[in-house]
Amino acid sequence: MCTIGNSFYDYNGRTINSIFKQCDLVSEPIFLTPEVETNTICEDGKEILIRYVAMKRKKPDSSEPAWAGVNDYGVAFVAADSYLDSNSNQEPANKSKEGISVFDMYLDTIKLCTTAKQAADMACKFYSEDFFEADIFMVGDATSSYFIEAFDKKVSCIERKENFFASTNHFRMIYGAAPYSQNHSTYFRLNRAEQILQSKSDLDGIGDVLRDGYYGKTVWSICRYADNSGAPEEELYYTQAAVIFNVIPNSDASKKPVVILEYVINGNASAEGKGFSYRPFSTNANIPTHVPYIGKLTNLSTLIPVINSFTATRYYFQSTKESSLSENGFMDDSEINQADSVALIMKPYAADFDDYPYILLEWDTSYTEYVTISGSDNTYKPTGSLHLDESMAGKPITLTAWSSCGYCVTRTIPV
């Protein structure tokens with residue numbers, strides 16, 4: 001039994017979609033350290049490599065079902081069981097077709113899909129044709145989030161592109177949920193989650209949700225403890241893991257988003273120093289790093305590097321000798337007459353610079369040009385150039401580096 005949800009919020013010029021889950025269980029399984037796995041699919045006649053992280057736990061039967069997951073296209077899923085009305089005569093038609101489990105479908109959404117829409121369509125088809133038990137499922141990416149309720153071939157799906165959405169363990173769109181009188185916990189937890197996110201819907205608010213103990217150390221709190229004293233009707237579920245998938249769109253829509261994964265396993269989000277945060281799909285080696293708490297905006301600022309310094313070497317392309325380069329410390333009128341463009345070789349001091357592929361070159365306020373940079377050895381050469389004229393002689397070059405997540409730094413290079 002779990003608390004799940006997502007929130008779209010603005011942070012440093014980007015709208016981030018953070019998808020979260022609080023994992024509550026009765027037994028105490030072994031949660032596995034997340035690892036990057038790969039799968040190749042064929043889409044429009046082309047092979048596409050998908051990298052993904054499935055949050056898994058080991059069950060007594062040695063199976064390792066995924067309870068949440070994300071891929072390098074930013075498609076992330078979370079799910080929750082549903083409490084049904086114990087007085088209802090409704091019974092699911094069957095469990096699933098032979099050999100198909102709901103956990104297989106969960107995993108396929110991140111192994112086979114490059115958009116949340118694809119994953120939502122896959123889930124809805126599965127619930128209507130193969131799996132008829134009650135289930136609550138959410139999948140999102142950088143721009144959309146889909147919330148699905150399913151039971152006995154009935155499927156309800158809504159798409160959201162803004163604000164927040166939370167769910168616990170009772171249906172709201174499909175009839176047959178456990179009423180308030182039969183289960184206080186699911187209603188209490190949903191009310192608290194919505195209250196918190198209404199006042200603070202960013203990553204800090206999500207962290208507050210996962211740590212919330214408003215009803216004390218009981219099953220009624222979001223951060224649940226296996227103590228049902230005073231509530232014998234409630235099952236002894238307690239929080240054993242939590243995860244947040246932060247999906248940050250790239251400024252270039254043709255490029256993959258940045259994914260920052262925060263998690264706690266074999267514990268809960270209120271325990272200091274138990275959390276991890278990292279970028280699993282970074283091109284540089286990136287391993288989970290301990291953080292005081294998950295669900296903190298500071299975790300984002302740590303893992304989205306700011307370009308805080310760089311060195312630049314100026315080369316001037318001579319109009320009379322286009323194939324040669326001459327390096328100059330200063331430019332005078334005679335030199336400016338010979339040079340018709342300038343290029344800068346950049347060496348940035350920031351991790352994962354490949355995720356931030358734009359440089360804004362400014363010669364003066366009347367001229368700016370975006371230049372794409374590339375390179376594999378931390379040396380990045382602009383493919384564009386600045387065209388010079390006599391009016392620019394003796395003026396400094398101002399170089400502003402913008403990352404795709406909105407960070408920037410400006411350095412002035414004397415001429």
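Two residues are in contact when heavy atoms of one lie within 4.5 Å of heavy atoms of the other. Take Phe 245 as a case. Leaving aside neighbours within four places in sequence, Phe 245 is in contact with Asn 17, Ser 18, Ile 19, Met 55, Ala 68, Gly 69, Val 70, Ala 76, Phe 77, Val 78, Ile 260 and Leu 261. Keep in mind that this is a predicted model.

## The chain as a whole

The protein chain has 415 residues, and 51% of them count as buried. It holds six helices and 23 strands.

In soluble globular proteins, nonpolar side chains tend to be buried together. Here the largest nonpolar core has 33 residues. Which residues have the most contacts inside this core? They are Met 55, Trp 67, Val 243, Phe 245, Leu 261 and Tyr 263. Strand β13, residues 258–265, gives the most to this core, with four residues.

## Two helix pairs

Two packed helices are described by the angle between their axes and the distance between the axes. The table gives both values for two pairs.

| Helix pair | Angle between axes | Distance between axes |
|---|---|---|
| α1 and α2 | about 165° | 9 Å |
| α3 and α4 | about 155° | 9 Å |

Start with α1 and α2. Their angle is about 165°. That makes α1 roughly antiparallel to α2, because an angle over 145 degrees counts as such. The crossing of α1 past α2 is right-handed. On the α1 side, the contact is made by Val 102, Met 105, Tyr 106, Asp 108 and Thr 109. On the α2 side, Ala 119, Met 122, Ala 123, Phe 126 and Tyr 127 take part. By class, the residues of this contact are eight nonpolar, one polar and one charged.

Several α1 residues are buried: Val 102, Met 105, Tyr 106, Leu 107, Thr 109 and Ile 110. What covers them? The cover of the buried α1 residues includes the strands β5 (46–58), β6 (66–71), β7 (76–80) and β8 (135–140), along with helix α2.

Next come α3 (residues 184–199) and α4 (residues 203–211). Their angle is about 155°, so α3 and α4 are roughly antiparallel to each other. This crossing is right-handed. Ala 193, Ile 196 and Leu 197 of α3 meet Gly 205, Ile 206, Asp 208 and Val 209 of α4. The contact has five nonpolar residues, one polar and one charged.

How many of the nine residues of α4 are buried? Seven are, and the helix is mostly covered. The buried ones are Leu 203, Gly 205, Ile 206, Gly 207, Val 209, Leu 210 and Arg 211. Their cover includes β1 (2–11), β2 (14–25), α3, β12, β13 and α5 (297–303).

## Loop residues: buried or exposed?

Some loop residues are buried. Asp 212 sits in the loop between α4 and β12 (238–248). Is Asp 212 buried or exposed? Its relative accessibility is 9%, so Asp 212 counts as buried. Not counting residues up to four places away in sequence, Asp 212 touches Arg 192, Ile 196, Ser 221, Ile 222 and Cys 223. Asp 212 and Cys 223 are eleven residues apart in sequence, with their C-alpha atoms 5.5 Å apart in space.

Thr 114 lies in the loop between α1 (102–111) and α2 (116–129). Thr 114 counts as buried because its relative accessibility is 11%. Leaving out residues up to four places away in sequence, Thr 114 touches Ile 41, Glu 43, Ile 50, Tyr 73 and Val 75.

Now for two loop residues with a positive phi. Lys 153 is found in the loop between β9 (145–151) and β10 (154–160). Its phi is near 75°, a positive value in a residue other than glycine. At 51% relative accessibility, Lys 153 counts as exposed. Asn 163 is in the loop between β10 and β11 (164–167). Phi of Asn 163 is near 60°, again positive in a residue other than glycine. With a relative accessible area of 47%, Asn 163 is partly exposed.

Terms used. Residues are numbered from 1 along each chain as its sequence is written. This is a predicted model: local features need pLDDT of at least 70, side-chain atom pairs count only at pLDDT 80 or more; totals for chains, interfaces and linings use all residues. Side-chain values use heavy atoms; hydrogens and water are left out. Axes are lines fitted to C-alpha atoms, for helices over the stretch in contact, and angles run from 0 to 180 degrees between N-to-C directions. Angles under 35 degrees count as roughly parallel, over 145 as roughly antiparallel, 65 to 115 as roughly perpendicular and the rest as oblique. A crossing is left-handed if the near helix is turned anticlockwise from the far one by less than a right angle, and right-handed if clockwise. Ala, Val, Leu, Ile, Met, Phe, Trp, Tyr, Cys and Pro count as nonpolar, Asp, Glu, Lys and Arg as charged, and the others, Gly among them, as polar. A nonpolar core is a set of buried Ala, Val, Leu, Ile, Met, Phe, Trp, Tyr and Cys residues joined through side-chain atoms within 4.5 Å. Buried means under 20% relative accessible area, exposed over 50%, partly exposed in between (1.4 Å probe, protein chains only).
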